[in-house]
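Let's take a walk through a protein model together. Keep the picture in view as you read.

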Amino acid sequence: MKLTDIRKTYHNRNNDVQALKGITLDLSSNGITVILGPSGCGKTTLMNIIAGRSDYEGTIENVPEFDYLTQEFNLFEDMTVLDNLLLVSDDRDDIDHYLNEFSLEEQKNRKVKKLSNGQKKRVQFIRALLHQPGLLLCDEPTAALDHDNTELLMEELKKLSDHIQIILVTHDILLSKQYADRIITMEQGIVVKDEIINEKPKSHAGNRMEKRSLKDTFMLAIKHMTSRIPHTCGQILLSAVCIFSLFSFCNLYGNVSKQSDYSETFANGENMIVSVPQQTTGAAGETLSGYRVKYNGMTTEDLFACDDIIQAVNDNPDIIAVEMFNSSQYVSDTDAYMDLEYQRMKQFDAKAYGPVSDEIPFADHPMDSPVLIPSDSLSVTDAGERTYLYTELAKTSRIQVFDLTNGYRDLPLICGSIPEDDSVIIDQNTANLYMKNEGYDSYEQLIGKTMVLGTRYYRNQYDTSAQQVYEPIKVKIAAVAGIHNDIIHMVFFNHGVGENPLFDAVVQDQHEVRLDYVRFIVKPGSDYSAIAQSLDAFFHKPNVDITVYQGKGLGQEHAFYQSPSGLMIYGVIVIVIITCMYVISELFYRKRMVKEKNILHVYGYSPLLETILRTCMITILSCILASVIAGPAGNLINTFASQHYYQAFMTFSFPLLLIVSFCTGVFMIVLERIIAGR
Ligand code: ADP
Ligand code: MG
């Protein structure tokens, strides 16, 4: 080995220290070469440079295979003596032989960190002997040893130096006099003296450590983990928390966005398909909610047969609800709707402008949309008062009653559950109204309560006030759904089409029912206009279009399901905090990590492969732990969610957990490599 003009300057914060100022040496004979010099003259620096652990200026050529007994102990402190030695050699006899020779056989199964400094030094030395390198670098090898052990070690070195080159750093002049074959004296970064005492044969390249197999590395990784259970458990716990945080964040973000989109869809009526009289037949500017326009130009042809609606619903799996109790239905005897349109026009004109005509004999039981009645108004019996009440309530609390169809069970519920009986699911608007009427202050309180829907219909004749029938129908609230519409109150019966009790109250024969107006609610996210087109083609009404209700731009504030961007910030904060915790905890072990990486490198292991294997195992265990945590923690989060009127934040998804675990594992590997690699 040849060193030429080796220079090294440490750049400190306040000053630069020139540790080596041009060292040129030819070190290529066996025997013990002592580098002697006072503390701080640069001996350790030189050894580190030879060992490739420090950068420098100058050149070094032909470095043989070497082992380095550093000043500090370069051992896996948490592993036993035996495991440390097995790292280098599989020959147990050899190991036992050396342990015996250095009186360490009793310490064989003790952890290195429990040994005295002298014992550690000896373990390190045995490891070097097992390695059989061409060059042995020893930095103050006897510093921690007592007299006997010093002698033992030096004798061993002496014996060894017949076959290999030993470079020994010391400040002990006596020791060097006694054992050295060559003494190089250093002072303040330069060689001041170089004397050869015994001429020795040329050194050789030494025993190159073989590359370790995957299996060896795997076994080492396991030993590594099991040698420090508390730390490993800490790592598993921390990465499980990392995995869970990331998992829950992805979950939260996805679900809140989904719920927010879902809610938006309902609020805008984007997913509502309605029948609209063709505008050409109505006065300009009038909208579909105006009665006048609705009836303009419509004929009996334009009424919807109940059976047709049932057919359309059954044919279209995207329809989740249909309105069957509507603002005006007609149940007719035989073929009595002929001319109905004309008669009704007269009727409405009469209602608006003059005395009621009594020429309308055919319509039987036309109904209006029900209104939500405060339970205390049930006691009103006076007909006039009831009319007034109904008219007033109809301005603010008109209810649209839908029948859930196609076994639809995906309404996001804030509380309660999908009913099996005649109970209803109400939307948030209805729930808010009911709470205001009845003095409740949480959605949970509504579950199981009886709500009164006031219905009005006309018996036998049309719109003769005396024959208006007001019938309160009591329904039980089974659930509050996390949806609302900006213009209507929605009440859902969990029944087949037209089989809700309101319908039953007035209709004798469903097949005879004709509706003048229909509303379908389809699954959020489906192709609304395509469905509308197909329904339009199916019903094929001359004066009525079936189209998507474009209720956009209603511009109302949504009280719940706000944008998930706030959550994003929350998630980022959580992830940053946990990442910092992880980095800090790893930085805490940085020194050890660097040391261990160096050991592995010297003895033929790939530190990267070892990290990967170890991280994989930790990740798998963390993943298992995280999935255990996810159950109860997810429930907790969902309870919290429901208190804030979200349906659920967390759903357990194993694929997502796997992806997140994989990312965490990669992150851990990168992190550890960055920390150890510096
Ligand atoms: P020796 O081993 O002979 O006692 P070193 O090689 O450890 O001496 O140090 C030589 C000089 O370099 C000393 O002045 C020491 O303070 C300085 N030195 C050593 N290591 C560093 C370092 N990492 N950063 C800054 N200065 C250092
Ligand atoms: Mg030193």
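Start with one pair: Lys-159 and Glu-156, whose side chains meet in a salt bridge, 3.5 Å from N to O. Keep in mind that you're looking at a predicted model. Side chains of opposite charge can pair when their charged atoms come close. Here both partners sit in helix α5 (residues 147-160), three residues apart, which is about one turn of the helix.

Lys-158 forms a salt bridge with Asp-181, and their closest N and O atoms are 3.2 Å apart. This one links distant parts of the chain: Lys-158 is in helix α5, while Asp-181 is in the loop between α6 (173-179) and β8 (182-187), 23 residues away. Asp-181 is buried, at 2% relative accessibility, and Lys-158 is partly exposed, at 25%.

How many salt bridges does a search of the whole structure find? It turns up 21. Among them is the one between Asp-78 and Arg-592, with 3.4 Å from N to O. That pair also joins distant parts of the chain, with Asp-78 in the loop between β5 (66-69) and α2 (81-86) and Arg-592 in helix α18 (residues 590-602), 514 residues apart. Both of these residues are buried.

Next, move over to ligand 1. The residues surrounding it include Tyr-10, Asn-12, Pro-38, Cys-41, Lys-43 and Thr-45. By class, the shell has five nonpolar, six polar and one charged residues.

Zoom in on the ligand's oxygen atoms. One oxygen is 2.5 Å from an N or O atom in the side chain of Thr-45. Taken alone, ligand 1 exposes 560 Å², and the protein buries 61% of that.

Which elements give two or more residues to this shell? They are β2 (16-26) and α1 (43-50). Helix α1 gives the most, with three residues.

Definitions and conventions:
Residues numbered from 1 in each chain as written. Chains lettered and ligands numbered in written order. Predicted model: local features only at pLDDT ≥ 70, side-chain atom pairs only at ≥ 80, totals over all residues. Heavy atoms only, no water. Salt bridge = Lys/Arg side-chain N within 4 Å of Asp/Glu carboxyl O. Helix = DSSP H or I, 4+ residues; strand = E, 2+ residues; numbered from the N terminus. Buried < 20%, exposed > 50% of the residue type's maximum accessible area, 1.4 Å probe, protein only. Near = heavy atom within 4 Å. Polar contact = N/O pair within 3.5 Å; in protein donor to acceptor, adjacent residues only side chain to side chain. Areas by Shrake-Rupley, 256 points an atom, 1.4 Å probe, with all protein chains shown as cover. Nonpolar A, V, L, I, M, F, W, Y, C, P; charged D, E, K, R; others polar.
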